[in-house]
Amino acid sequence: MVDAKLGAAQKNFLHISRAHDHEPRCYFSPNEGLNRYCISKLYNLNKLSRYVVAKSELAGAGTPDASYSLSEVKLSLKVRGVCFYAVTAMAAISLIGFMIVAHPFVLLFDRYRRKAQHFVAKLWAAATVAPFFKIEYEGLENLPSHDAPAVYVSNHQSFLDIYTLLTLGRSFKFISKTAIFLFPIIGWAMSMMGTIPLKRMDSRSQLECLKRCMDLIGNGASVFFFPEGTRSKDGKLGDFKKGAFSVAAKTRVPIVPITLIGTGGIMPAGMEGVVNSGSVKVIIHKPIKENDPEILRQIARNTILDTLKLRC
């Protein structure tokens, strides 16, 4: 039975060989197995299948604008990533001295807003992003004045969101993981700017963070929240947590929603070593004032969600 099947296979190979007399022949021998031509063909087919599998696994990762295959993550994009971090490091080293010198005066005369420190941070962010992408602003007239406290909220897609928001030049206080404060220079700058530390999954730290936000607002400063809590992995807007809206309702200051478009395509979440080309749009919406935190949450989320659906 086996011999019969082997004979049929040999006839098939022979038939193919006769039909293409001027091409290399593929045959099977019981003693030698497949000839070199067949082995080469099978090897190339295997390489192609592995490429297709790799591409299918990577496609759709990150944001809708950022689907990558192994061949598409080019060396040039990684080089741009290295250059980005080199530029941001050099800018930070160059400017940290101004923060250090100004800090005693800031604590004496502007303890809560810290406008001088935020101005230096704006220079740092603008110098970092300028060589890599352009930022377009829409709705700047909706920004409250520098001295008017408010709670700012935004969607969160990328590590670049912080850089982008700092270029607005508003002295709002971000909330950051405590581990980031341990980094030299960046951590020092965050402390001097009055960034609010938070231990995730620690209810006491979360309560202290909200109390700190209300204290800052009571003293004329503004605070900034990413109400999703973390960066979006697929570009879709996540649920909004209630903290920011509770703070706004209790302190009776407006919520200022901001929609960020494009940061996820330039540096997708989970791909912080790559910097793609592109542009970013910052859309500042009209301030919202309500006494009910749930109504505030719904209006702010729907405002940002509708804008993302319309513009993306």
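How many bridges join β3 to strand β10, and do the two run parallel or antiparallel? Five bridges join them, and the strands run parallel. This is a predicted model, where local features need pLDDT of at least 70, side-chain atom pairs count only at pLDDT 80 or more, and totals for chains, interfaces and linings use all residues. Residues are numbered from 1 along each chain as its sequence is written, and side-chain values use heavy atoms, with hydrogens and water left out.

**The sheet**
- Six strands form an open sheet with mixed pairing, in the order β3-β10-β9-β4-β8-β5. (Strands are DSSP E runs of at least two residues, helices are H or I runs of at least four, and both are numbered from the N terminus; two strands pair if DSSP finds at least two bridges between them.)
- At the edges sit β3 (134-138) and β5 (172-173), each pairing on one side only.
- In the β3 pairing with β10 (residues 279-284), Ile-135 stands opposite Val-280.

**Helices across the sheet**
- α8 lies across β4 (151-154), β8 (222-225) and β9 (255-261), running at about 155° to β4. (Contact means heavy atoms within 4.5 Å; axes are lines fitted to C-alpha atoms, for helices over the stretch in contact, and angles run from 0 to 180 degrees between N-to-C directions.)
- Helix α10 (residues 293-311) lies across β3, β4, β9 and β10, at about 25° to β9.

**Helix α7 against α8**
- α7 (residues 203-218) and α8 (residues 243-251) pack at about 40° with their axes 10 Å apart, so they count as oblique. (Under 35 degrees is roughly parallel, over 145 roughly antiparallel, 65 to 115 roughly perpendicular, and the rest oblique.)
- Leu-210, Cys-213, Met-214 and Ile-217 of α7 meet Gly-243, Val-247, Lys-250 and Thr-251 of α8.
- By class, that contact has five nonpolar, two polar and one charged residues. (Ala, Val, Leu, Ile, Met, Phe, Trp, Tyr, Cys and Pro count as nonpolar, Asp, Glu, Lys and Arg as charged, and the others, Gly among them, as polar.)

**Helix α4 against α6**
- The axes of α4 (residues 115-129) and α6 (residues 186-193) come within 9 Å and cross at roughly 140°, so this pair is oblique too.
- Gln-117, His-118, Ala-121 and Trp-124 of α4 touch Ile-186, Met-192 and Met-193 of α6.
- These residues split into five nonpolar, two polar and no charged.

**Record versus model**
- UniProt's unreviewed entry places "transmembrane region" at residues 84-109 and 179-198. (Positions use the numbering here, feature names are shortened, and annotations may be inferred rather than shown by experiment.)
- Residues 84-109 are 100% helix and 0% strand, with end C-alpha atoms 35 Å apart.
- Residues 179-198 are 40% helix and 15% strand, with end C-alpha atoms 9 Å apart.
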